[in-house]
Amino acid sequence: MSSTAGQVIKCKAAVAWEAGKPLVIEEVELAPPQANEVRMKILFTALCHTDVYFWEAKGQTPMFPRIFGHEAGGIVESVGEGVTELKPGDHVLPIFTGECGKCSHCNSEESNMCDTLRINTERGVLLNDGKTRFSKNGQPIYHFLGTSTFSEYTIAHVGCVAKINPAAPLDKVCVLSCGVSTGMGATLNVAKPKKGQTVAVFGLGAVGLAACEGARMAGAGKIIGVDLNPDRFNEAKKFGVTDFVNPKDHDKPVQEVIAEMTNGGVDRAVECTGSFQAMISAFECVHDGWGVAVLVGVPNKDDAFKTHPLNFLNERTLKGTFFGNYKPRTDIPSQVEKYMKKELQLEKFITHSVPFSEINKAFDYMLKGESIRCIIRMDA
């Protein structure tokens with residue numbers, strides 16, 4: 001076991017004290033892992049738009065102070081009682097959702113939505129005892145998505161920790177723990193385009209580009225990128241996008257534009273914006289008879305989806321997905337192996353890198369729309 005096993009660790013963490021205010025690097029205390037928990041040393045973490053959304057706290061109940069972060073790679077420092085799958089020294093990716101291995105979802109080949117460990121954005125404590133493991137001068141600091149990787153050390157439930165090949169570079173494969181897997185899996189696991197088919201992807205942020213990458217890997221004949229920001233089109237070419245549509249350039253609904261481009265509609269569409277208008281467009285732009293649309297983006301709570309029932313009766317299919325239908329512990333290690341075999345390209349998703357002391361720069365890059373993924377180096 002580690003020399004620090006069973007002890008409180010003092011470490012640096014980027015603490016969000018207030019909504020929308022710059023994170024502050026603080027020395028915090030991290031308690032030992034309890035039953036079914038794993039304490040990890042984080043080596044690299046990345047900033048995801050979900051971190052920014054909850055840091056801004058514009059659409060949900062504010063919960064501060066809090067340590068954000070959920071895309072990361074690290075090494076197990078110690079484990080709690082009952083943890084047999086992991087040991088100190090293992091290389092791991094903490095994941096914002098989990099796999100208990102026992103519930104009906106985990107036992108289903110069709111679902112990855114674990115009853116016990118599925119994502120919960122409102123929970124700022126750990127499951128074991130409903131308390132935080134982080135504190136500063138006795139004041140509890142809330143967790144985020146059960147991972148809180150903007151810290152030199154963190155704790156997660158063992159079901160949310162994927163053991164990976166120790167030879168894999170953590171500064172690259174850490175992006176598989178959220179956005180890249182979400183978009184790529186939406187295409188490969190849910191839309192399932194056949195070689196030569198046409199795919200439209202709505203939204204060319206990190207998740208959308210990952211969906212494009214999935215279409216490229218599947219051998220799609222044409223990949224249409226749809227976005228309101230023309231600055232994204234050039235970058236998207238690296239991910240296999242062959243055609244671009246900006247809805248603002250047309251005086252008719254974008255689904256009609258796409259149908260005209262593709263002789264009646266695309267074979268597959270993947271929506272990655274969270275806009276309910278884009279969701280409707282994605283569904284209505286697929287070809288009747290066999291078209292499949294997949295929803296990935298998270299809508300606002302009051303949004304409603306409206307389309308004519310004939311669109312279903314004419315044999316179009318609408319599906320939703322969560323984390324690309326990947327089971328965290330079962331499937332993510334094999335995605336790491338795809339990267340190691342050069343079947344999957346991750347470097348092109350990583351546009352920036354900053355030392356931990358400059359983590360607020362990562363927020364600036366994302367808010368300005370300059371970054372796909374910014375890697376934060378924890379030892380720098």
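A cavity is a set of points, on a 1 Å grid over the protein atoms alone, where a 1.4 Å probe fits but cannot get out, and its lining residues have an atom within 4 Å of a point. The largest cavity holds about 200 Å³ of space, a volume being the space filled by probe spheres set on the points. Of the 17 residues that line this cavity, Arg123, Leu126, Leu127, Gly146 and His157 are the closest to its centre.

The model is predicted, and its local features need pLDDT of at least 70, whereas totals for linings use all residues. Residues are numbered from 1 along each chain as its sequence is written.

Two cavities of 30 Å³ or more are counted.

Helix 3 covers residues 179-191, where a helix is a DSSP run (H or I, at least four residues) numbered from the N terminus. From first C-alpha to last, its 13 residues reach 17 Å, close to the 18 Å expected at 1.5 Å a residue; the expected span is 1.5 Å times one less than the number of residues. A kink of about 35° is centred on Gly185, the bend at a residue being the angle between axes fitted to the seven residues ending there and the seven starting there.

Helix 3 is mostly covered, with 11 of its 13 residues buried, that is, under 20% relative accessible area (1.4 Å probe, protein chains only). Gly185 is one of the buried residues, as are Val180 and Met184. After helix 3 comes Lys192, which has a positive phi near 50°.

Technical notes: Predicted model: local features only at pLDDT ≥ 70, side-chain atom pairs only at ≥ 80, totals over all residues. Heavy atoms only, no water. 1 Å grid on protein atoms, 1.4 Å probe; cavity = no way out; pocket = protein on both sides within 12 Å on 5 of 7 lines; lining within 4 Å. Helix = DSSP H or I, 4+ residues; strand = E, 2+ residues; numbered from the N terminus. Buried < 20%, exposed > 50% of the residue type's maximum accessible area, 1.4 Å probe, protein only.
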